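Here is a short briefing to read alongside the model. Have the viewer open and follow the topics in turn.

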Amino acid sequence: MTSTGMAVACPPEDVRVWTRERDQGGRDSGLTHRDDDKYWRGGLIYINREDHTLLVPRRFGLGWTLNFGNPGAAILMAGVVALISLLITLRLGG
């Protein structure tokens, strides 16, 4: 709390996110650095088929993005496109 009685949110010390990765000896260390350049296209699109999470923290800024290496992301995007198409069709067709 500050002297004015307002709470101040402090960011966490270390916000890196880790999943699975193999070490140089070929053993599975259980960690993958999601911020690695090989998983990001243009710094905006995250594609990692070995990472099973659907949503990952955005690389820049606040919020979340889809893991387009996860089949669930394609299903979710197809559902959103189908819903928007249905709404446009119903709105313009009626």
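Y39, W40 and Y46 belong to one aromatic cluster, where rings of Phe, Tyr and Trp (its six-membered ring) pair if their centres lie within 6.5 Å. This is a predicted model, in which local features need pLDDT of at least 70 and side-chain atom pairs count only at pLDDT 80 or more, while totals for chains, interfaces and linings use all residues. Residues are numbered from 1 along each chain as its sequence is written, and side-chain values use heavy atoms, leaving out hydrogens and water.

**Aromatic pairs**
- Searching the whole structure gives 2 aromatic pairs.
- W40 and Y46 make a tilted pair, at 5.1 Å centre to centre and 55° between the planes; planes under 30 degrees apart count as stacked, over 60 as edge-to-face and the rest as tilted.
- W40 is buried at 7% relative accessible area, and Y46 is buried at 0% (buried means under 20%, exposed over 50%, partly exposed in between, with a 1.4 Å probe and protein chains only).

**Overall fold**
- The protein has 1 helix and 6 strands, running β-β-β-β-β-β-α from the N terminus (DSSP runs: helices are H or I of at least four residues, strands E of at least two, numbered from the N terminus).
- Of the 94 residues in the protein, 18% are buried.
- Among contacts (heavy atoms within 4.5 Å) between residues at least 6 apart in sequence, 4% join residues at least 24 apart.

**Helix α1**
- V80 lies in helix α1, which spans residues 71–93.
- V80 is partly exposed, because its relative accessible area is 40%.
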